[in-house]
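Please look over the sequence and the fold shown here before reading on.

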Amino acid sequence: MTGCNSRLDFVTLSGGPHDRGITHGERFAAEVKANVDRYFAKFAHYGIPAERARELAREFIPLIDETAPAYAAEMQGIADGSGVPLVDVALLNARYEITYGAYADAAEKTPPRRTDGCTSFGLRATVTDAGRPYIGQNWDWMPDIDVFMMSVEQSDAPNHVALTEAGIVGGKIGVNEHGIGMTLNGLVSTADGEQTFRIPYHVRFREVLDATRLSEAIGALLETDRVCSANVLLGSEDGELIDLEILPESANYLYPSDGVLTHANHIEGRRGESQLERILPDTLCREPRLRHLLTDRRDTLSVADVKDALRDHVDQPTSICRHRNSAEPEQEQSSTRVSAIVNLTAKRVSATAGPPCQTTYHDYVVSEN
Ligand SMILES: [Zn+2]
């Protein structure tokens with residue numbers, strides 16, 4: 001996965017939810033198992049024993065069953081196809097929430113947990129040379145996590161293309177046939193973890209990519225309370241962009257300034273007490289750096305310019321293009337696993353299989369009905 005021409009696996013998941021899960025599970029059986037082992041190791045590093053993580057994961061199964069039966073059927077398909085127990089598949093799908101649940105009963109206040117790094121952007125059509133809107137991001141996470149690009153073909157919801165981790169039903173960075181797209185950044189607030197069981201983020205991300213309108217996508221994220229925080233940047237093919245800093249019971253809404261929206265891992269709105277900059281101080285450098293790189297060329301910004309911005313190494317190794325940091329323990333390593341640029345009008349994700357300074361962007365397009 002390290003050569004400059006290496007690319008993400010691209011797999012079509014079609015048929016009913018259980019069939020899609022079977023395809024996912026059979027194709028990536030070894031990768032699903034490996035990801036489960038990686039998260040158990042990571043949980044253990046943060047003091048969460050495997051049995052505690054499984055106990056929490058088990059309780060998410062009926063919650064997902066009840067609120068999102070198709071999602072639950074797709075998880076069951078992954079378990080059936082891969083031979084990995086359903087509880088471990090549920091653990092992957094609720095990995096954000098489980099981290100907090102495990103600390104909810106601790107005597108001390110939930111400490112900041114390291115979560116997905118990342119630097120995201122949105123560009124209105126008026127600032128790009130092609131006159132098209134784009135969103136995208138560098139997704140910084142465990143350097144060895146197994147991921148793939150899925151083309152989801154559904155009869156009762158829009159087709160979409162999205163990046164996912166092997167074993168997780170809901171995509172992270174993607175776009176659907178209606179030109180609704182999303183990117184994701186880790187966010188931590190002091191209110192996280194006060195509630196243990198709420199609909200997991202990955203379930204909501206599937207609903208975002210099932211939406212036909214921007215407001216439906218926003219509703220999927222905000223209508224019910226959450227266990228923890230996350231940042232989601234949404235865009236539509238009409239060129240509208242909104243960034244949601246989602247807290248457990250509220251949210252901040254950010255809009256483009258001069259046609260450009262950027263976000264990293266700290267809360268910028270007035271609600272919520274931001275925590276992640278305490279362990280990822282580089283978030284305070286990456287966000288303005290990306291905004292400057294994108295606004296300095298405003299009006300003539302090409303996709304090539306955007307790629308150059310995503311390859312930026314100012315403040316390295318914790319730069320926009322993030323690399324391993326030898327000062328960090330192995331379980332806390334994070335580097336740009338995927339760099340992605342989403343063309344909302346062409347319904348296409350261009351993505352790399354590693355840091356964009358070392359790997360080439362390849363295109364993944366939503367299937368037509
Ligand atoms: Zn780099």
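Four donors count as tetrahedral if all angles lie between 85 and 135 degrees; donors themselves are N, O and S atoms within 2.8 Å of the metal (3.2 Å for Na, K and Ca), and water is not among the atoms, so sites may look incomplete. This is a predicted model, in which local features need pLDDT of at least 70 and side-chain atom pairs pLDDT 80 or more, while totals for chains, interfaces and linings use all residues. Residues are numbered from 1 along each chain as its sequence is written, and side-chain values use heavy atoms, without hydrogens and water.

The zinc ion is held by four donor atoms: NE2 of His313, SG of Cys321, NE2 of His323 and SG of Cys357, at 2.0 to 2.3 Å. The angles among these four atoms are 103 to 113°, and the site is tetrahedral. Along the chain, the donors have the spacing H-x7-C-x1-H-x33-C. Helices (H or I, at least four residues) and strands (E, at least two) are DSSP runs, numbered from the N terminus.

The loop between H10 and S12 also contains Pro317. The peptide bond from Gln316 to Pro317 is cis, with omega near 10°.

Helix H10 (residues 303-310) pairs with helix H9 (residues 283-295); their axes come within 10 Å and cross at roughly 155°. Axes are lines fitted to C-alpha atoms, for helices over the stretch in contact, with angles from 0 to 180 degrees between N-to-C directions. H9 and H10 are therefore roughly antiparallel, a term for angles over 145 degrees. Their crossing is right-handed, meaning that the near helix is turned clockwise from the far one by less than a right angle. Leu290, Leu293 and Leu294 of H9 meet Val306, Ala309 and Leu310 of H10, where contact means heavy atoms within 4.5 Å. This contact has six nonpolar, no polar and no charged residues. Ala, Val, Leu, Ile, Met, Phe, Trp, Tyr, Cys and Pro count as nonpolar, Asp, Glu, Lys and Arg as charged, and the others, Gly among them, as polar.

Helices H7 (residues 201-209) and H8 (residues 214-222) have axes that come within 8 Å and cross at roughly 170°. That makes H7 roughly antiparallel to H8. Arg204, Phe205, Glu207 and Val208 of H7 touch Ala217, Ala220 and Leu221 of H8. The classes here are five nonpolar, no polar and two charged.

For helix H1 (residues 17-27) and helix H4 (residues 69-82), the axes come within 6 Å and cross at roughly 35°. The crossing is right-handed. Among the residues that meet are His18 and Arg20 in H1 and Glu74 and Asp80 in H4. The contact divides into five nonpolar, eight polar and four charged residues.

Last, Cys118 lies in the loop between helix H6 (95-104) and strand S2 (119-123). Phi of Cys118 is near 125°, a positive value in a residue other than glycine.

Key:
Parallel < 35°, antiparallel > 145°, perpendicular 65-115°, else oblique. Tetrahedral: all angles 85-135°; square planar, octahedral: opposite > 155°, others 65-115°.
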